Amino acid sequence: MSIRAHLRKIALALPLAVVAAALTTSLVAAPASAHGSVTDPPSRNWGCLDRWGDRHQAPEMAQQDPMCWAAFQDNPAAMWNWNGLFREGVAGRHEQVIPNGQLCSGGLTEGGRYRSMDTPGNWTAKNVPTNFTLTLTDGAQHGADYLKVYITKPGFDPTTQSLGWGDLTLLKETGRYASAGQYQTDLNLSGRSGRAVIYTIWQASHLDQSYYICSDVNIGGTTTPTPTPTVSPTVTPTPTPTMTTPTPTPTPTTPPTGACAATVTVGNSWNGGYQAQVTVTAGASAITGWKVTVNGATITQAWNGTLSGGNTITNASWNGSLGAGASTTAGFLGTGSTNLTATCALA
Ligand SMILES: [Cu+2]
């Protein structure tokens, strides 16, 4: 068991009463099927899940990440289903179908599950340089007819203004992407600085399914917001293990002795589920394919790899070949125990 997984077991043991209370008051739905979202710069709901999923009821979130706090209070399913913010049958008529003020919720799609994403406020913004690469993670490997990437016009203040189509400038429309786990495109924001919203429309290729994704950025920003570790005085401080900083996955300095080796690291967890990453490292010789079995896992979806048999991930087309000692990663969502071990075999 990794250090993080071990910490997580401790963490899971502590707030059982809290979890039980949450179960009675909210319907927490695991992702029903695999879809995707922009993961860098993180979409609003993916960012909230990434930063807080493992302690989504921590009172300090209200001060440190107030928009995420509000979003979790409104409907945590907006975070658990971070990859499900889409509409079907729009036929490319995005501006006609999505009303102003509802761009970040896909026009209140899924019964308004994502409505909190539309709220103006101090969403945590990622510091980005003027040239950077946007990454969309497609856990379902739907492919993309195109990505349409917009940015809010200079002077638009996402902390106070509701987002409408007239606030956006089209940065670029990409061509098609073959089905893969991630789609990337370079963005050039030269001449811009400060807060902005990157608005991405992902037109999936398997059917007419369009995703509407708001990511907050701070162009040219270098300072990280200083978290205020204030615990609400009405709450008894809980000795929550510190897990905000991901523990770096130990990287072998020498290739493993086998043909390949795998480690598994559990990331965010929530009622009934968790996210995890496997790291695959080639042995002393280059390999052309790998297959990782995560013992103890019940995997509901995987990305950067193909799921089979409930707990086995086989490399995707683009990350199977590894030089001697080289590493790659794949991610998955699982349910049940987080006491996991991973084994690697050639594929
Ligand atoms: Cu999908």
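Mentor: Let's start with D74, which is partly exposed, at a relative accessible area of 31%. In this predicted model, its side chain meets that of R115 in a salt bridge, with 2.6 Å from N to O. The pair links distant parts of the chain: D74 belongs to helix α5 (residues 66-74), while R115 sits in the loop between α8 and β3 (126-128), 41 residues apart. R115 counts as partly exposed too, because its relative accessibility of 47% falls between the limits of 20% and 50%. As for the general idea, side chains of opposite charge can pair when their charged atoms come close.

Now look at the residues around that loop and helix. G112 is found in helix α8 (residues 109-112), and G112 is buried, with a relative accessible area of 12%. Between G112 and N75 there are 9.6 Å in space, C-alpha to C-alpha, although the two are 37 residues apart in sequence.

For a contrast in setting, turn to R55. Its side chain meets D54 in a salt bridge at 4.0 Å, N to O, and E60 meets R55 in another at 3.4 Å. Here R55 is buried at 14% relative accessibility, D54 is buried with a relative accessible area of 14%, and E60 is buried at 17%.

Terms used. Residues numbered from 1 in each chain as written. Predicted model: local features only at pLDDT ≥ 70, side-chain atom pairs only at ≥ 80, totals over all residues. Heavy atoms only, no water. Helix = DSSP H or I, 4+ residues; strand = E, 2+ residues; numbered from the N terminus. Buried < 20%, exposed > 50% of the residue type's maximum accessible area, 1.4 Å probe, protein only.
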